[in-house]
Amino acid sequence: MKKDKYTSKTMQPMRTQSDIDKVSSYFWNTNLRNYAMFITGLYTGRRISDLVALNVRDVACVDRRGRFAIRERLKIREVKTGKFIDLILHTHARRALSKYLRKRKREAVSVGALLNEPLFRSQKPRRNGEHRL
């Protein structure tokens with residue numbers, strides 16, 4: 001079998017708090033969506049496929065004033081196994097999601113429409129310039 005330059009590289013988990021802080025800081029300064037996704041994944045231990053399958057409605061509800069309230073518990077279906085999982089969202093994950101959704105709310109047509117959208121929209125635009133849902 002022919003080896004190319006990519007087969008010898010292996011992925012390694014982040015082993016130190018310093019590594020996690022560096023990645024977290026990078027996302028915080030560059031992309032709030034990726035920051036929220038990273039922190040949520042870090043504190044829930046869920047696969048990325050489980051996170052991108054979530055809708056805004058799965059993690060947040062809207063109070064009478066039109067503000068988002070991030071749920072403390074989530075009930076999600078794992079994409080890989082199809083099993084339902086009950087998760088408690090860590091304070092840091094709820095804070096990251098809240099900040100991200102406040103930004104999304106400013107860009108949304110209405111709060112009701114936003115609730116039905118995917119939590120983490122694709123960043124890759126379609127040919128017509130709209131973002132994939």
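**Figure 1. Trp-28 and Tyr-35 as an aromatic pair in the predicted model.** Trp-28 is partly exposed, because its relative accessible area of 42% falls between the limits of 20% for buried and 50% for exposed. Tyr-35 has a relative accessibility of 15% and therefore counts as buried. A pair of aromatic rings is described by the distance of the centres and the angle of the planes. For Trp-28 and Tyr-35 the centres are 5.0 Å apart and the planes stand at 70 degrees. The pair is edge-to-face because that angle is over 60 degrees.

**Figure 2. The aromatic cluster of Tyr-26, Phe-27 and Phe-38.** The protein has four aromatic pairs. In one of them, the ring centres of Tyr-26 and Phe-27 lie 5.7 Å apart, and the planes meet at 55 degrees, so this pair is tilted. Tyr-26 has a relative accessible area of 52%, which is over 50%, so Tyr-26 counts as exposed. Phe-38 belongs to the cluster together with Tyr-26 and Phe-27.

**Figure 3. Ser-24 and its contacts.** Ser-24 sits in helix α1. Is Ser-24 buried or exposed? Ser-24 is buried, because its relative accessible area is 13% and the cut-off is 20%. When neighbours within four places in sequence are left aside, Ser-24 touches Tyr-35, Phe-38 and Ile-39.

**Figure 4. The largest pocket.** The volume of the largest pocket is about 190 Å³. Its lining is made of 14 residues, and those closest to the centre are Ser-24, Tyr-35, Ile-39, His-92 and Arg-95. Three helices, α1 (17-30), α2 (32-44) and α5 (91-107), each supply at least two residues of the lining. By type, the lining of the largest pocket has seven nonpolar, three polar and four charged residues. Rolling a probe the size of a water molecule over the atoms shows where empty space is left.

**Figure 5. The second largest pocket.** This pocket has a volume of about 150 Å³. It is lined by 11 residues, and nearest its centre lie Arg-33, Tyr-100, Lys-103, Arg-104 and Arg-121. The elements that give two or more residues to this lining are α2 and α5. Helix α5 provides the largest share, four residues. The lining of the second largest pocket divides into two nonpolar, four polar and five charged residues.

**Figure 6. Helix α5 and its buried residues.** Helix α5 has 17 residues and spans 25 Å from its first C-alpha to its last. This is close to the 24 Å expected at 1.5 Å a residue. Which residues of α5 are buried? They are Ala-93, Ala-96, Leu-97, Ser-98, Tyr-100, Leu-101 and Arg-104. An α-helix has 3.6 residues a turn, so residues three or four places apart point the same way. The buried residues of α5 pack against the helices α2, α4 (56-59) and α6 (111-115) and against the strands β1 (60-62) and β2 (68-70).

Figure 7. The protein has six helices and four strands. Of the 133 residues in the protein, 31% are buried. Among contacts between residues at least 6 apart in sequence, 47% join residues at least 24 apart.

Methods
Residues are numbered from 1 along each chain as its sequence is written. This is a predicted model: local features need pLDDT of at least 70, side-chain atom pairs count only at pLDDT 80 or more; totals for chains, interfaces and linings use all residues. Side-chain values use heavy atoms; hydrogens and water are left out. On a 1 Å grid over the protein atoms alone, a cavity is a set of points where a 1.4 Å probe fits but cannot get out, and a pocket is an open set with protein on both sides within 12 Å along at least five of seven lines; lining residues have an atom within 4 Å of a point. Grid points are joined across faces, edges and corners, and a volume is the space filled by probe spheres set on the points. Ala, Val, Leu, Ile, Met, Phe, Trp, Tyr, Cys and Pro count as nonpolar, Asp, Glu, Lys and Arg as charged, and the others, Gly among them, as polar. The expected span of a helix is 1.5 Å times one less than its number of residues. Buried means under 20% relative accessible area, exposed over 50%, partly exposed in between (1.4 Å probe, protein chains only). Contact means heavy atoms within 4.5 Å. Rings of Phe, Tyr and Trp (its six-membered ring) pair if their centres lie within 6.5 Å; planes under 30 degrees apart count as stacked, over 60 as edge-to-face and the rest as tilted.
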